[in-house]
Amino acid sequence: MNQFSKKAAAAVLTAGIAACVCFPLTACGEENLPYEKVGYPQDFLTVQDGKVMNTYQEEIYLRGVNAGGLFVTEHWMTGFLYNTKPSNDYRSLTQTFLERFGEEKTKKLWNEYRANWWSKEDFKNCADMGMNVIRLPFTYMTVDFAAVTSYEHAGENYDFSALDDFVNTAAKYGMYTILDLHGAYGSQNGKDHSGENKENVDFYSNDEMKGLTVNLWKALAAHYKDNAAVAGYDILNEPGERAGSTSERHWNFYDQVYDAIRGEEDEHIIIMESCWDGKNLPQPSKYGWENCMYSFHHYADDKLSAEQHLSSWKNKLSEVEGQNFGVPLQMGEFTCYESAQKWEETLPLLNEHNWHWTSWTYKIWPKQELGMTAWGIVNVTATDENRLDAANDSYDELMEKFKVLRTGSDTVEEYTFYTRTEDGEKEPYKTLADIFYENCKQD
């Protein structure tokens with residue numbers, strides 16, 4: 001047993017299992033989980049010789065999905081109205097709720113939204129597909145509510161209960177969680193998926209925002225360092241300003257976070273992201289990084305033919321692998337759009353190359369005119385009249401509308417691929433969930 005694993009073999013059994021506040025996904029206790037494979041991941045994962053290994057020195061491949069939309073409400077996928085005021089980012093929406101309803105009701109609104117967006121049924125679905133990991137995007141606002149309105153008291157009081165409940169419930173269904181900081185204080189990229197949509201991004205020259213973010217990771221490490229259900233820390237999602245590429249200023253910030261986490265005697269895997277290619281990350285030896293993973297995102301053009309799509313993926317993997325980083329590689333976000341063939345070629349390709357992967361994303365609510373889309377394994381199919389209007393819907397209307405988000409209701413369906421018969425009739429081929437089941441298995 002290696003030095004990282006000794007202290008954590010059964011840690012998840014003692015690491016905050018009781019937390020069930022502010023994020024009412026489930027009632028705590030195994031008796032409330034209607035699932036025959038209930039059990040906790042007890043193997044603390046570490047990187048050894050470029051491989052992800054468990055306590056028993058077995059190589060593990062992390063294969064799963066993102067819990068997109070849960071803590072970060074991207075407008076195109078979570079049911080909030082398009083092209084409205086306030087801006088459709090999480091910070092603006094929350095500020096609107098606070099102005100209209102006050103803090104207590106705002107927290108209740110978000111709790112109800114989240115409880116419907118992701119419930120026990122969704123954990124069970126992921127486990128039934130054979131997934132062993134969920135990448136969990138969150139922002140500083142998930143744990144530091146005071147900072148939604150002002151940075152004056154930012155970082156003074158963290159509440160990790162929402163993250164705890166997700167991590168612990170995923171573990172009960174046999175899955176690890178990757179904690180993915182999708183939005184840093186002040187926004188690292190200015191995009192709505194960071195929680196703040198802004199044109200001018202000064203994060204990497206703003207010592208206050210960087211300091212708050214480093215301190216947040218320091219606190220997260222102190223809280224989770226012995227929790228084996230956490231597979232690793234994705235320290236900053238898509239760090240390039242306004243979708244720009246990463247370079248030394250971004251790597252230097254990674255290094256600050258790395259030192260803060262290791263300073264807490266936390267030996268979780270630390271994940272560094274590239275925007276967008278292998279050439280946009282340094283050799284780990286440049287900074288002395290150990291026990292780390294490199295992550296990439298790839299969204300090939302949906303207009304590509306199947307042949308062109310596969311070529312795009314092969315080129316992406318080849319360019320990254322050609323850097324010879326010597327660390328595990330992860331495809332942290334991707335989709336293969338509405339083509340079963342593209343999915344059935346891409347997931348095996350990732351497995352053949354021994355990449356770890358989490359697709360984007362599990363659930364979406366596309367605009368009605370688009371119909372269902374394979375961006376989500378499951379789709380909310382409610383009509384546009386049910387969309388969420390933060391500025392005008394009453395508190396009771398919003399609480400009622402959240403019900404259409406719940407998996408198991410008649411407004412949430414699995415994405416299905418279809419073929420044509422010789423007579424031109426449309427017939428079901430496979431669900432996207434079927435394809436995941438075929439490819440999540442460990443060798």
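**Exercise 1.** Is Glu-264 buried or exposed? Determine also which residue Glu-264 meets in a salt bridge.

*Solution.* The model is predicted.
- Step 1. The relative accessible area of Glu-264 is 17%. The cut-off for buried is under 20%, so Glu-264 is buried.
- Step 2. The side chain of Glu-264 meets that of Lys-218 in a salt bridge, at 2.8 Å from N to O.
- Step 3. This pair links distant parts of the chain, 46 residues apart: Glu-264 lies in the loop between helix H6 (248-263) and strand E7 (269-273), and Lys-218 in helix H5.
- Step 4. Lys-218, at 37% relative accessibility, counts as partly exposed.

**Exercise 2.** Locate Glu-196 and Arg-91 in the chain and classify the accessibility of Glu-196 and of Arg-91.

*Solution.* 
- Step 1. Glu-196 and Arg-91 form a salt bridge whose closest N and O atoms are 3.9 Å apart. The cut-off is within 4 Å, so the pair qualifies.
- Step 2. Glu-196 is in the loop between strand E5 (176-183) and helix H5 (207-224), while Arg-91 is in helix H1 (residues 90-117); 105 residues separate them.
- Step 3. Glu-196 has a relative accessible area of 10% and is buried. Arg-91 is also buried, at 12%.

**Exercise 3.** Explain how Asp-128 and Lys-124 are placed in helix H2 (residues 120-128).

*Solution.* 
- Step 1. The two residues form a salt bridge, with 2.8 Å between the closest N and O atoms.
- Step 2. Asp-128 and Lys-124 are four residues apart in H2, so about one helical turn separates them.
- Step 3. An α-helix has 3.6 residues a turn, so residues three or four places apart point the same way.
- Step 4. Asp-128 is partly exposed at 35% relative accessible area, and Lys-124 is partly exposed at 25%.

**Exercise 4.** Check the span of helix H4 (residues 161-172), then state how many of the residues of H4 are buried.

*Solution.* 
- Step 1. The expected span is 1.5 Å times one less than the number of residues. For the 12 residues of H4 this gives 16 Å.
- Step 2. The end C-alpha atoms of H4 are 16 Å apart, which agrees.
- Step 3. In H4, 12 of 12 residues are buried, among them Leu-163, Phe-166 and Lys-172.
- Step 4. The cover over these buried residues includes H2, strand E4 (133-139), helix H3 (140-143), E5, H5 and strand E6 (230-234).
- Step 5. Just after H4, Gly-174 has a positive phi of about 80 degrees.

Note on methods
Residues numbered from 1 in each chain as written. Predicted model: local features only at pLDDT ≥ 70, side-chain atom pairs only at ≥ 80, totals over all residues. Heavy atoms only, no water. Helix = DSSP H or I, 4+ residues; strand = E, 2+ residues; numbered from the N terminus. Buried < 20%, exposed > 50% of the residue type's maximum accessible area, 1.4 Å probe, protein only. Contact = heavy atoms within 4.5 Å.
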